[in-house]
Amino acid sequence: MLIFNTQNELVSHLTSVSNAATSIGFVPTMGALHQGHLSLIKEALLHNTIVVVSIFVNPTQFNNADDLAKYPRTLEKDIEKIKTVSDAIIVYAPSVDDIYKGKTISQHFDFDGLENQMEGKFRQGHFDGVGTIVKRLFEIVKPTHAYFGEKDFQQLQIIKKMVSKFEMPVNVVGCPIYRETNGLAMSSRNERLSEKERNQAAIIFKTITQAKKLFATKSAQEVTEFVAKTFEKQPDFELEYFQIADEATLLPCLRKNKTKTYRAFIAVFVNKVRLIDTISLN
Ligand code: AMP
């Protein structure tokens, strides 16, 4: 398996093996890989001649220094996991300097308001950081297709918006959420939970699944109240937000409209570890 730590080496390799017929599938990650990431890599392998996986904990998308410091970094294990999928994958694991060249700052983006909801509201500057790193990685890798998980649905919509605004020649593909058997969405942050907390965290998916059922007959406000009350009864959990939003604009649903598709979004703290999840409501 080829592993590159600098963009120069990666780009010169990709140039030497590509021609007009080559399609490059790209899976950007922050490492601490799990089955969810591997499902994106498998999807990329199905549809491309070359697959590049980046492993880079991007400092500019963290609004909390402690969260950045504690983010799991497990490069050797990650490489072993990728090898179980295929030996032919190209890994790009750059240093902060290789990406930011001494200027670790974000570009500012206008994503037509998508960046102001939910994650954008609670993590100031997060989507400027995401936009900055994904744009830079796209410029380096020049992928034909790029694969993103629906677990970060707001991020997926924002990347689609960026690609359309900057007219980037890449097809952004959304992939379904991989879950533990208890329903907990797989996440690199789950590694920071104790076994007991991981078991307890099943309540997140259970609650949004109940919310989905309720939304068939109740208003968004009633469903939101149900979710708030559920978490009030859970001393080990702190609900940061629950929002039912229009999938296209991510604006909160104030009154149901049959022509729109809705999705529920949730962020919860379990002992200082922040977990997010989402479910389609249509
Ligand atoms: P991350 O390493 O957390 O930045 O995630 C890298 C990519 O994997 C993003 O596109 C995520 O949405 C996706 N991803 C993370 N967790 C999951 C999951 N449980 N199922 C599917 N995709 C996921």
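Guide: A charge sits over a ring if NZ of Lys or CZ of Arg is within 6 Å of the ring centre and within 35 degrees of the ring normal. This is a predicted model, in which local features need pLDDT of at least 70 and side-chain atom pairs count only at pLDDT 80 or more, while totals for chains, interfaces and linings use all residues. Residues are numbered from 1 along each chain as its sequence is written, and side-chain values use heavy atoms, with hydrogens and water left out.

Visitor: How far from the ring centre of Phe 153 is the charged end of Arg 263?

Guide: The charged end of Arg 263 sits over the ring of Phe 153. Its distance from the ring centre is 4.0 Å.

Visitor: How many aromatic pairs does the structure hold?

Guide: Rings of Phe, Tyr and Trp (its six-membered ring) pair if their centres lie within 6.5 Å; planes under 30 degrees apart count as stacked, over 60 as edge-to-face and the rest as tilted. On this basis the total for the structure is 10.

Visitor: Is the pair of Phe 109 and Phe 111 stacked or edge-to-face?

Guide: The two ring centres are 5.1 Å apart. With 10° between the planes, the pair is stacked.

Visitor: How many residues apart in sequence are the parts tied together by Phe 109 and Phe 166?

Guide: Phe 109 and Phe 166 form an edge-to-face pair, 6.0 Å centre to centre with 75° between the planes. Helices (H or I, at least four residues) and strands (E, at least two) are DSSP runs, numbered from the N terminus. Phe 109 lies in the loop between α5 (96–100) and α6 (118–122) and Phe 166 in the loop between α8 (153–165) and β6 (171–175), so the parts tied together are 57 residues apart.

Visitor: Is Phe 109 buried or exposed?

Guide: Buried means under 20% relative accessible area, exposed over 50% and partly exposed in between (1.4 Å probe, protein chains only). Phe 166 is partly exposed at 39%. Phe 109 has a relative accessible area of 3%, so Phe 109 is buried.

Visitor: How many disulfides does the structure hold?

Guide: A disulfide is counted for a pair of cysteine sulfur atoms within 2.5 Å. Cys 175 is buried at 5% relative accessibility, and Cys 253 is buried at 10%. The number of disulfides is 0.

Visitor: Why is strand β7 largely enclosed by the rest of the structure?

Guide: Strand β7 spans residues 237–246. It is largely enclosed because the buried residues number 7 of the 10.
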